[in-house]
Number of protein chains: 2
Amino acid sequence: MSEKLLGSIEAGGTKFVCAVGNFEYEVVETVQFPTTTPMETLQKAIDFFRKFDVAAIGIGSFGPIDIHVHSATFGHVLSTPKKGWADFDFVGTLKKTIDVPTVFTTDVNSSAYGEYIKGAAREADSVLYFTIGTGIGGGAIQSGEFIGGINHAEMGHALVKRHPRDSGFKGVCPFHGDCLEGMAAGPSIEARTGIKGEKIPIEDDVWDTQAYYIAQAAYSATLTLAPEKIIFGGGVMSRPHMIELVRKNFVMINNHYVKTPPIEEYLITTGIRDNGAATLGNFALALKEFIKN
Amino acid sequence: MSEKLLGSIEAGGTKFVCAVGNFEYEVVETVQFPTTTPMETLQKAIDFFRKFDVAAIGIGSFGPIDIHVHSATFGHVLSTPKKGWADFDFVGTLKKTIDVPTVFTTDVNSSAYGEYIKGAAREADSVLYFTIGTGIGGGAIQSGEFIGGINHAEMGHALVKRHPRDSGFKGVCPFHGDCLEGMAAGPSIEARTGIKGEKIPIEDDVWDTQAYYIAQAAYSATLTLAPEKIIFGGGVMSRPHMIELVRKNFVMINNHYVKTPPIEEYLITTGIRDNGAATLGNFALALKEFIKN
């Protein structure tokens, strides 16, 4: 009999990453493919998992999604502008063929869980994970449970106070204009400067402006959730100077008001290499579900 | 033998309200007195509780406070500017005389718990309570547990986006200037207009400006916590038109992005009369602790 494995689906808006791993969360095999139509994309995932004896699957998906197991539309993608995916029954479609215990959450919640179980927050009781890339998202955990009452978090769209240096820029969020995502996601840099981010030197003030908004999001979350660690992932934060700028702005904004752990231990970048936090989180969520069943 | 009763201390910066109630959370007797020195004030509370057979006490205190039972300074008031209270061992002092199970949390957490158990959120699984008065504070509950990792929440100091109509005002927060409390607590109205709030007619734009900031706090919390209800208490929100203005601004800010319950059911004022939410919450927390012991 073949070894039982854990499954992971990182369902992104542009690509899917599927993986199977053992009960120590070590990746056994992985595959990735572009996100096209729902049925075509899910079929590729199903074809991959069918090759293994999968015990349970953890899914971290782009959103908005319905994560409430008692809801009539549990497991569906909700009102996404992504063509064909709105109202798609993600979990139901998967379960028709691969009927194993399944956990369905957001991509950032998966990453947060990975960091919590085995990454930079493995010794913490609470953690917040932000991804700052093409979009911005946040997921948080307190005592092993995801934060989110009737919906998953949507922290990417937090409102931010404008930097005086940035008064002319309208922001790029189609819903809010100058919310966090509108002001600090990757595309805002090019929209603001007319230059691609990777061509702008690290000394340029625009990075500090962007860090000011990211620090505000971290600050608001500190005041609301008081997590033990705030971990940043995503393309924008892979530039090593960015975490320094975010820390500097956070300290300035806080102005000695709220007590946090030392800033170098509190605001940090991912502790899991190769962007593996979400896969690891999905494995751990899958195992938790498998044990429950 | 006398009836066992539950105790409540609402420890505010200007006054203390102590109460005892039965196990149905009905108030049996209550007393209030000004907050003076810690020892004098606590002695009055002790004198009150000594008259009864108290099973357990719930305390909702002004902050910042240490609420972590495993901390060396658990039960202490922390770095408050209030004279004599910084580093005061609140719970330890009380327990020297009244050695019963005790719960120590923030005043807004107590109110949130009261609303959750028997108020406007009694049928909800998650709730956020804001008080908007001389200061601003927020407390949140998800599945029976308070939100807050290594600290209690400090939502009153969230950063807010400025209203164009309000560009000249610096805000009154000594730490952040124009944070939520600096822009929307009671004293900001007089600082902005030179006129006491109660003398400003409800048609004045200043109320809408203030509601814009309060709505932002509710919006940020929606994106982070997604509570089932957001409940507002405090002097500023006791003006009946304010909740309407907050709802209007919330809908405008959201711009159809995130799905919430119907706005009249989602953003509401307290469901417990006579400002009784904190007392009720303290009774319920006391009972929970009594049962555990």
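Buried area is the accessible area that two parts lose on being put together, summed over both. The model shown in these views is predicted.

**View 1. Two domains make up the division of chain A.** Domain 1 of chain A covers 5-109 + 274-292, and domain 2 covers 121-271. Their C-alpha centres lie 26 Å apart. In the contact between them, domain 1 of chain A takes part with 10 residues and domain 2 of chain A with 14 residues.

View 2. Which three residues supply 55% of the area that domain 1 of chain A buries against domain 2 of chain A? They are H68(A), V108(A) and N109(A), which together give more than any other three residues. On the domain 1 side, at least two residues each come from β5 (102-106), α3 (107-118) and α9 (277-292) of chain A. Sorted by class, that side has 5 nonpolar, 4 polar and 1 charged residues.

**View 3. Chain A and chain B bury about 3,300 Å² between them.** Carbon and sulfur atoms carry 59% of this area. The contact joins 37 residues of chain A to 38 residues of chain B. Between the two chains there are 26 residue pairs in polar contact, both residues being at pLDDT 80 or more. On the side of chain A that touches chain B, α6 (205-225) and α7 (240-254) of chain A each supply at least two residues. The element that gives the most to this side is α6(A), with 6 residues. By class, the side of chain A that touches chain B is made of 19 nonpolar, 13 polar and 5 charged residues.

**View 4. A salt bridge links K161(A) to D178(B).** How many salt bridges does the rule find across the interface of chain A and chain B? The rule finds 2 salt bridges there. In the one formed by K161(A) and D178(B), the closest N and O atoms are 2.6 Å apart.

**View 5. An open sheet of 5 strands in chain A has mixed pairing.** Strands of a sheet pair through backbone hydrogen bonds, either parallel or antiparallel. The order in chain A is β8-β7-β6-β9-β10. At the edges are β8 (145-146) and β10 (267-269) of chain A, each of which pairs on one side only. Strand β6 (residues 126-132) of chain A runs antiparallel to strand β7 (residues 136-142) of chain A, and 7 bridges join the two. Within this pairing, S126(A) stands opposite Q142(A) in β7(A).

**View 6. Chain B has an open sheet of 5 strands.** Its order is β8-β7-β6-β9-β10 (chain B), and the pairing is mixed. The edge strands of this sheet are β8 (145-146) and β10 (267-269) of chain B, each pairing on one side only. Do strand β9 (residues 229-233) of chain B and β10(B) run parallel or antiparallel? They run parallel, and 3 bridges join them. I231(B) stands opposite I268(B) in β10(B).

How values were computed. Residues are numbered from 1 along each chain as its sequence is written. Chains are lettered from A and ligands numbered from 1 in the order in which they are written. This is a predicted model: local features need pLDDT of at least 70, side-chain atom pairs count only at pLDDT 80 or more; totals for chains, interfaces and linings use all residues. Side-chain values use heavy atoms; hydrogens and water are left out. Domain bounds come from an automatic or database domain assignment. Contact means heavy atoms within 4.5 Å. Buried area is the accessible area (1.4 Å probe) that two parts lose on being put together, summed over both. Helices (H or I, at least four residues) and strands (E, at least two) are DSSP runs, numbered from the N terminus. Ala, Val, Leu, Ile, Met, Phe, Trp, Tyr, Cys and Pro count as nonpolar, Asp, Glu, Lys and Arg as charged, and the others, Gly among them, as polar. Two strands pair if DSSP finds at least two bridges between them. A salt bridge is a side-chain nitrogen of Lys or Arg within 4 Å of a carboxyl oxygen of Asp or Glu. A polar contact is a pair of N or O atoms within 3.5 Å; within protein, one must be able to donate a hydrogen and the other to accept it, and residues adjacent in sequence count only if both atoms are side-chain atoms.
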